[in-house]
Amino acid sequence: MEPRVRPTSTRAWSKVRISRRTAGWSAFLAWTGSERKGMAQPKGGPYYQDGRAVGKVEEGAKADYGKEIDPADRMNMRKQIVTLVREKVMEHVEPDGRHPQLLRLAAADATTYRFGAPKNIGGPAGGANGSVAVFEEERNQLVEAGLGDVIQQLVKAKEDVDRTWKEQAQRNQALQTPTDISWADMIALAAQTGVIEAWNKTNGGDAKRMDEPFTTRQGRIDRRGIEPYQRMPGWVLSPTPANATAARDWLHGNGFSDAQAAALIAELCGGLDAGMETLQGDPVLAKKAMAFQKNQGAYRKAFQEGFVRMTSLGSSFDPYAYLYDLK
């Protein structure tokens with residue numbers, strides 16, 4: 001065997017490192033793809049239907065659900081889902097109910113998260129898992145907070161998204177019927193739509209032009225059981241987070257930076273200008289807000305980072321959700 005020689009140039013060594021990472025990722029994709037394409041599963045292990053672990057198989061049994069989704073098709077489908085959700089949110093949710101109401105809904109869903117939950121319920125619980133739209137006890141809290149109409153409108157938008165996506169899959173001669181979009185994803189993408197629309201208006205642009213200054217993951221799995229903790233923090237249920245310090249403490253305790261907390265709280269109030277009075281109630285947030293007034297780009301970057309973190313709290317993800325194999 002020839003000795004392995006380290007490349008002398010930085011550029012050459014970078015290529016070697018990239019090729020090794022690529023090889024490792026390809027091996028992982030090949031393993032997950034072969035699992036989905038029908039390799040025998042261990043006894044009691046999961047099998048996959050439309051990319052979702054849905055049950056168990058006996059020893060020696062196989063699950064075969066068509067060819068592996070091409071990465072280019074996967075990326076294209078993800079973009080199509082985002083576009084479809086935006087279109088249906090704009091169609092079904094009233095303009096005066098999009099922002100910051102949809103963001104408040106996403107915050108309410110995410111802030112059921114409890115990292116320090118008792119061990120008898122399995123540790124961390126709650127989070128961005130769609131429970132606010134699924135369980136009556138949590139929906140009632142949102143109705144009391146003035147978000148009842150928004151939820152009803154979002155129900156219609158989601159029904160339209162699910163129906164349209166299945167029809168599109170059928171036209172594309174899909175090998176499987178795709179699953180419905182989860183409530184957790186619907187809420188997160190709807191909130192993103194509301195924020196982007198508001199930012200477009202602020203910039204004096206066309207409010208209907210859906211730019212994409214930031215992205216959020218897809219594939220969140222909805223909660224299927226009653227949440228151990230159904231109560232959201234009081235600052236989330238308020239039309240404006242009146243207690244800025246309580247909001248900052250909660251966010252900071254769950255891994256958010258002060259900049260991310262300030263941007264999230266401001267946007268929950270309707271934007272930086274609308275949130276200035278609230279942020280002035282906390283000296284740390286007030287300092288961040290003053291800096292943001294001089295640097296709008298830093299404000300939006302902090303919000304984007306905070307939004308992605310918030311809408312991932314406690315979430316479980318299915319990497320193949322809503323996708324379908326093509327003939």
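## Lining of the largest cavity

By class, the residues that line the largest cavity of this predicted model comprise six nonpolar, one polar and two charged residues. The lining is made up of A106, D109, A110, A128, A184, I187, A188, R220 and T311, and the elements that contribute two or more residues to this lining are helix 3 and helix 7. The volume of the largest cavity is about 30 Å³, and the structure holds one cavity of 30 Å³ or more.

## The second largest pocket

About 220 Å³ of space lies in the second largest pocket, which is lined by 14 residues. Of these lining residues, T202, G271, L272, D273 and Q296 lie nearest the centre of the pocket. By class, the lining of the second largest pocket divides into five nonpolar, six polar and three charged residues.

At least two lining residues of the second largest pocket come from each of helix 7 (183–202), helix 11 (272–279) and helix 13 (296–310).

Helix 7 is mostly covered, since 18 of its 20 residues are buried.

Helix 13 has 15 residues and reaches 21 Å from its first C-alpha to its last, close to the 21 Å expected at 1.5 Å a residue.

## T278 in helix 11

Where in the chain does T278 lie, and in which helix? T278 is found in helix 11, and T278 counts as buried because its relative accessible area is 13%, under the 20% cut-off. Leaving aside neighbours within four places in sequence, T278 is in contact with T240, P241, A244, I265 and C269.

## Backbone exceptions

Most residues other than glycine have a negative phi, and most peptide bonds are trans. Against that background, a cis peptide bond joins H99 and P100, with omega about 10°, and P100 lies in the loop between helix 2 (71–92) and helix 3.

Two residues other than glycine have a positive phi: Q173, at about 60°, and Y322, near 70°. Q173 is placed in the loop between helix 6 (148–171) and helix 7, whereas Y322 lies in the segment after helix 13. Y322 counts as buried because its relative accessible area is 1%, under the 20% cut-off.

## The chain as a whole

The chain contains 13 helices and two strands, and 50% of its 327 residues count as buried. Among contacts in the chain with a separation of 6 or more, 71% are accounted for by residues 24 or more positions apart.

Key. Residues numbered from 1 in each chain as written. Predicted model: local features only at pLDDT ≥ 70, side-chain atom pairs only at ≥ 80, totals over all residues. Heavy atoms only, no water. 1 Å grid on protein atoms, 1.4 Å probe; cavity = no way out; pocket = protein on both sides within 12 Å on 5 of 7 lines; lining within 4 Å. Points joined across faces, edges and corners; volume = space filled by probe spheres on them. Helix = DSSP H or I, 4+ residues; strand = E, 2+ residues; numbered from the N terminus. Nonpolar A, V, L, I, M, F, W, Y, C, P; charged D, E, K, R; others polar. Expected span 1.5 Å × (residues − 1). Buried < 20%, exposed > 50% of the residue type's maximum accessible area, 1.4 Å probe, protein only. Contact = heavy atoms within 4.5 Å.
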